[in-house]
Amino acid sequence: MPRFSGADVLLSLTRKDFYQIAYIAEKGKDPQLRAEGVESFRARVARIRPDLADRVDEISSMDDLHLLDVKLNRIKPWHKPGLLLIGDAAHAMSPAGGVGINLAIQDAVAAAQRIARPLLQGTLGESDLASVQKRRWFPTVVIQNVQLVIQKAVFGPAVKGRLMGPPSPVVFVALHVPWFRKLPALMIAFGPRPEHAPDFARRKSAVTRKSV
Ligand SMILES: Cc1cc2nc3c(=O)[nH]c(=O)nc-3n(C[C@H](O)[C@H](O)[C@H](O)COP(=O)(O)OP(=O)(O)OC[C@H]3O[C@@H](n4cnc5c(N)ncnc54)[C@H](O)[C@@H]3O)c2cc1C
């Protein structure tokens, strides 16, 4: 869960022997943060995560920070003769929910299902490429709209200092309706349209297990 403090939002992932930390900032704030310097940034992190205060010196300079510009969009169409775009090339995902990589992999699986055989047979046409977009358009639109809602309801107001955490109705439902907590996990893991790797792409043991 992200941590909120004033207009500061921090998300940390605990790796084996380090923390990977995302500081979420309003667009255009990067130059201001860098101008304030590393001491000020360390203080921000320590304020939001007091448990990390004794190690913020690990951020040795502002050069340790990398700006990742968040975009949420999609193009149409994803294909031209001889070209198919999938993943972020077709639909840039925001970090909200941590699903962009899953969606990109699912696109790749759907593409393998639809274009590997015609490619091998030398019969690939634009309709094969179009079938990949047709299959993946719906889950992309659904997930991007969920990301948009999270952005508008949580991160947008939070980086303006107007919200200190997820909206309370969401917290209430999450605390009192146990099955609701499973929804995000299912959405992240499988998405609204799960894909299944074609047999030729599976390890032999996996194919055997499936056919048994
Ligand atoms: C700040 C931020 C945080 C995010 N956090 C998460 C997260 O926690 N979980 C999650 O699931 N998603 C997250 N996302 C979304 C996720 O990063 C993308 O949806 C996902 O990486 C898309 O995968 P992709 O393979 O389509 O594209 P990319 O991961 O962008 O891969 C494209 C690759 O192509 C390479 N490339 C570009 N041009 C060329 C070229 N001309 N020649 C050769 N190679 C080239 C690039 O270097 C890159 O390695 C985040 C996005 C942002 C912006």
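The protein chain has a radius of gyration of 21 Å, whereas a compact globule of 212 residues would have one near 17 Å. This radius is taken over C-alpha atoms, and the globule rule is 2.2 Å times the number of residues to the power 0.38. The model is predicted: local features need pLDDT of at least 70, side-chain atom pairs count only at pLDDT 80 or more, and totals for chains, interfaces and linings use all residues. Residues are numbered from 1 along each chain as its sequence is written, and side-chain values use heavy atoms, with hydrogens and water left out.

Along the principal axes, the C-alpha atoms of the protein chain fill a box of roughly 60 × 40 × 35 Å. The chain holds seven helices and seven strands, in the order β-β-β-α-α-β-β-β-β-α-α-α-α-α. Helices (H or I, at least four residues) and strands (E, at least two) are DSSP runs, numbered from the N terminus. Of the 212 residues, 31% are buried, meaning under 20% relative accessible area (1.4 Å probe, protein chains only).

The ligand is surrounded by residues including L68, D69, M93, P95, I101 and A104; a residue is near a molecule if one of its heavy atoms lies within 4 Å of it. The table lists polar contacts, here pairs of N or O atoms within 3.5 Å.

| Residue | Atom of the residue | Distance to an oxygen atom of the ligand |
|---|---|---|
| D88 | polar side-chain atom | 2.7 Å |
| V99 | backbone N or O atom | 3.4 Å |
| G100 | backbone N or O atom | 3.2 Å |

Taken alone, the ligand exposes 990 Å², and the protein buries 39% of that. Such areas come from the Shrake-Rupley method with a 1.4 Å probe; for residues, only the protein chains shown count as cover.

Note on methods: Polar contact = N/O pair within 3.5 Å; in protein donor to acceptor, adjacent residues only side chain to side chain. Buried < 20%, exposed > 50% of the residue type's maximum accessible area, 1.4 Å probe, protein only.
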